[in-house]
Amino acid sequence: MTNVETRYAIDPETARKLDTQGLRDHFHASGLFVEGEINLVYTHYDRLILGGAVPGSGELVLDHVKEAGTPSLLDRRELGVLNIGDTGTVTVAGKSHEIARGDVLYVGMGSGPVTFSGPGRFYVLSAPAHRTCPTKLIRAQDARRVELGSAETSNERVILQFLHPEVAESCQLLMGYTQFAQGSVWNTMPAHLHDRRMEAYLYFELGPDQRVFHIMGKPEETRHLVMANEDAVISPPWSIHCGAGTGAYTFCWAMAGDNVDFTDMDMVAMEDLR
Ligand SMILES: O=C(O)C(=O)C[C@H](O)C(=O)CO
Ligand SMILES: [Zn+2]
């Protein structure tokens, strides 16, 4: 079963007038990971699709998605898959890939239906593509590592880059996840903007009684969204995206838009935040 929810893009002036539920309706997504289901959110920000596939004891096939307007989803799109569960299998074009927790599979445009099986919990991300790049499994140990932050500012962390020009070629998708040193809770602080690219975050490995306070909005007009384990947030191109956890967590970031330049960021000065 594949369920799809559409989220339309809204401008910052509209967003600043929203109450808590309004913000959640537009930017927050929960319940993506349900056994026996593929649950997708189709956002009109750069037409990124994000979602979860949890096959359990059966098999799930990602194929026709009406919202994409093509017979098969990947006819005009590329796909990234991160496994946040136990080792599972993703089969593409007759080839099965064993994906361990923390590995990422890139699937190129035109690959046809994608089949999920085994005890994995698969986070899927798809963006429109204009050419085929090779399907590639990237193990966690082969990701590009960027160490940032410090214990003094509670933001010591390592960014693991999987869909990045130096690791695996893609058309639009950039993707990876960020892990924290023990005791560090702040992600993406100091904050930044990149109006040329939207971003989506999935928070995971968060305890059931813990939450991440995800901060969004224009730097001079911030709001927060309270995120539980396996909740996702859509970050519009005009918004900062950062957060602090009440406990340990990991988050997957993914971007689509004008370029695949991870360092294309406009830093926001602390004194400009409101
Ligand atoms: O911890 C961080 O900082 C990040 O992971 C930043 C995101 O990857 C990002 O916002 C990239 O634009
Ligand atoms: Zn960013």
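Strands (E, at least two residues) and helices (H or I, at least four) are DSSP runs, numbered from the N terminus. This is a predicted model: local features need pLDDT of at least 70, side-chain atom pairs count only at pLDDT 80 or more, and totals for chains, interfaces and linings use all residues. Residues are numbered from 1 along each chain as its sequence is written, while chains are lettered from A and ligands numbered from 1 in the order in which they are written.

**Whole protein.** Start with everything shown. The protein has two helices and 24 strands. Its radius of gyration is 17 Å, close to the 19 Å that the globule rule gives for 274 residues, so the protein is as compact as a globular protein of that length. That radius is taken over C-alpha atoms, and the rule is 2.2 Å times the number of residues to the power 0.38.

**Annotated site.** Select His192, His194, Glu199 and His241, where UniProt places the feature "binding site" in an unreviewed entry. They span 50 residues in sequence, yet no two of their C-alpha atoms are more than 11.7 Å apart, so they gather at one spot. UniProt positions follow the numbering used here, feature names are shortened, and annotations may be inferred rather than shown by experiment.

**Two histidines.** Zoom in on histidine 192, in strand E17. Histidine 192 is partly exposed, with 16 other C-beta atoms within 10 Å. Next, histidine 194 sits in the loop between E17 and E18; histidine 194 is buried, with 22 other C-beta atoms within 10 Å. (Buried means 20 or more other C-beta atoms within 10 Å of the residue's own, exposed 12 or fewer, partly exposed in between; C-beta atoms are placed from the backbone.) Leaving aside neighbours within four places in sequence, histidine 194 is in contact (C-beta atoms, placed from the backbone, within 7 Å) with Pro237, Asp264, Met265 and Asp266.

**Ligand 1.** Show ligand 1 and the residues surrounding it, among them His194, Glu199, His241, Trp253 and Met265. A residue is near a molecule if its C-beta atom, placed from the backbone, lies within 6 Å of it.

**Backbone details.** Move to proline 190, in the loop between strand E16 (186–187) and strand E17 (192–193). A cis peptide bond joins methionine 189 to proline 190, with omega about 10 degrees. Then select glutamate 205, in the loop between strand E18 (197–204) and strand E19 (212–218). Glutamate 205 has a positive phi of about 55 degrees although it is not a glycine. Most residues other than glycine have a negative phi, and most peptide bonds are trans.

Methods. Two residues are in contact if their C-beta atoms, placed from the backbone, lie within 7 Å.
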